[in-house]
Amino acid sequence: MSRGVEIRRATTDDVAALVPLYRAAYQTAADLGYPTGMTDVDAEYVRSWFDSAEPSAEFVAERDGNIVGAVRILESQDHPFAERLAVAPDEQGHGVGTRLFERAEAYAREQGYNRLQLGTYTGHPFLIDFYEERGYDRYTVWENDDADHDYVGYEKSL
């Protein structure tokens, strides 16, 4: 359960805690056959998310002063795109991701958007169910000739 978890906007002060969170969270998927560069993410890359050149909003989930989850919302299109959902391995399955997505959806509505989009690998062992259980519908598949998995787009009307 996600009791005791606070969701707030992330800042550059959070970069040092976000790097190990992303490495650990994405290692879970990599171990299941979904390789990603996020297992080797560095502070420079995460810090770049806070650059105003690419409009975005980053949110973190905190428990007892520790960052246990995060999500990023890109706003460079006509609609927001959620990416980089990460939940600490020991917090997975306890509602942290749900809370982060509730906040991401609320943020999108607050900004005047009527839908939120996201993407993940086809056949992902847990994210597809996570998104579909929250009302996201598949709207496209991007073929990926460089990997064993294609990338599927999901969206939800808000």
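**View 1. The hairpin of β2 and β3 has two residues between its strands, and Asp64 there takes a positive phi near 50°.** Helices (H or I, at least four residues) and strands (E, at least two) are DSSP runs, numbered from the N terminus. This is a predicted model, in which local features need pLDDT of at least 70 and side-chain atom pairs count only at pLDDT 80 or more, while totals for chains, interfaces and linings use all residues. Residues are numbered from 1 along each chain as its sequence is written, and side-chain values use heavy atoms, with hydrogens and water left out. β2 and β3 pair in the antiparallel sense over eight bridges; two strands pair if DSSP finds at least two bridges between them. Val60 has Ala70 of β3 as its bridge partner.

**View 2. β3 also pairs with β4, in the antiparallel sense, over five bridges.** Six residues lie between β3 and β4 in their hairpin. Arg72 stands opposite Glu83 of β4. Because eight of the nine residues of β3 are buried, this strand is largely enclosed by the rest of the structure. Buried means under 20% relative accessible area, exposed over 50%, and partly exposed in between (1.4 Å probe, protein chains only).

**View 3. The largest nonpolar core has 25 residues.** A nonpolar core is a set of buried Ala, Val, Leu, Ile, Met, Phe, Trp, Tyr and Cys residues joined through side-chain atoms within 4.5 Å. The members that touch the most other members are Phe59, Val71, Ile73, Leu85, Leu100, Phe101 and Tyr131. At least two residues of this core come from each of β1 (5–9), β2 (56–63), β3 (66–74), β4 (81–87), α3 (96–110), β5 (115–121), α4 (127–133) and β7 (151–157). α3 supplies the largest share, five residues. A second, separate core of 17 residues includes Leu18, Ala25, Val60 and Ile67. In soluble globular proteins, nonpolar side chains tend to be buried together.

**View 4. The surroundings of Leu85 are shown by its contacts.** Contact means heavy atoms within 4.5 Å. Neighbours within four places in sequence are left aside; the contacts of Leu85 are then Tyr26, Ala70, Val71, Gly97, Leu100, Phe101, Leu127, Phe130 and Tyr131.

View 5. A salt bridge is a side-chain nitrogen of Lys or Arg within 4 Å of a carboxyl oxygen of Asp or Glu. Glu62 is in strand β2 and Arg8 in strand β1, so this pair ties together parts that are 54 residues apart in sequence. Arg8 has 26% relative accessibility and therefore counts as partly exposed. The structure holds 10 salt bridges.

**View 6. Glu54 and Arg72 meet through their side chains in a salt bridge (3.2 Å, N to O).** Glu54 lies in the loop between α2 (43–48) and β2, and Arg72 in strand β3, so the two tie together parts that are 18 residues apart in sequence. Glu54, at 33% relative accessibility, counts as partly exposed, whereas Arg72, at 3%, counts as buried.

**View 7. Glu91 and Arg63 meet in a salt bridge (2.9 Å, N to O).** Glu91 lies in the loop between β4 and α3, and Arg63 in strand β2, so the pair ties together parts that are 28 residues apart in sequence. Both Glu91 and Arg63 are buried. Elsewhere, salt bridges that share partners join Glu54, Glu58, Arg72 and Glu83 into one network.
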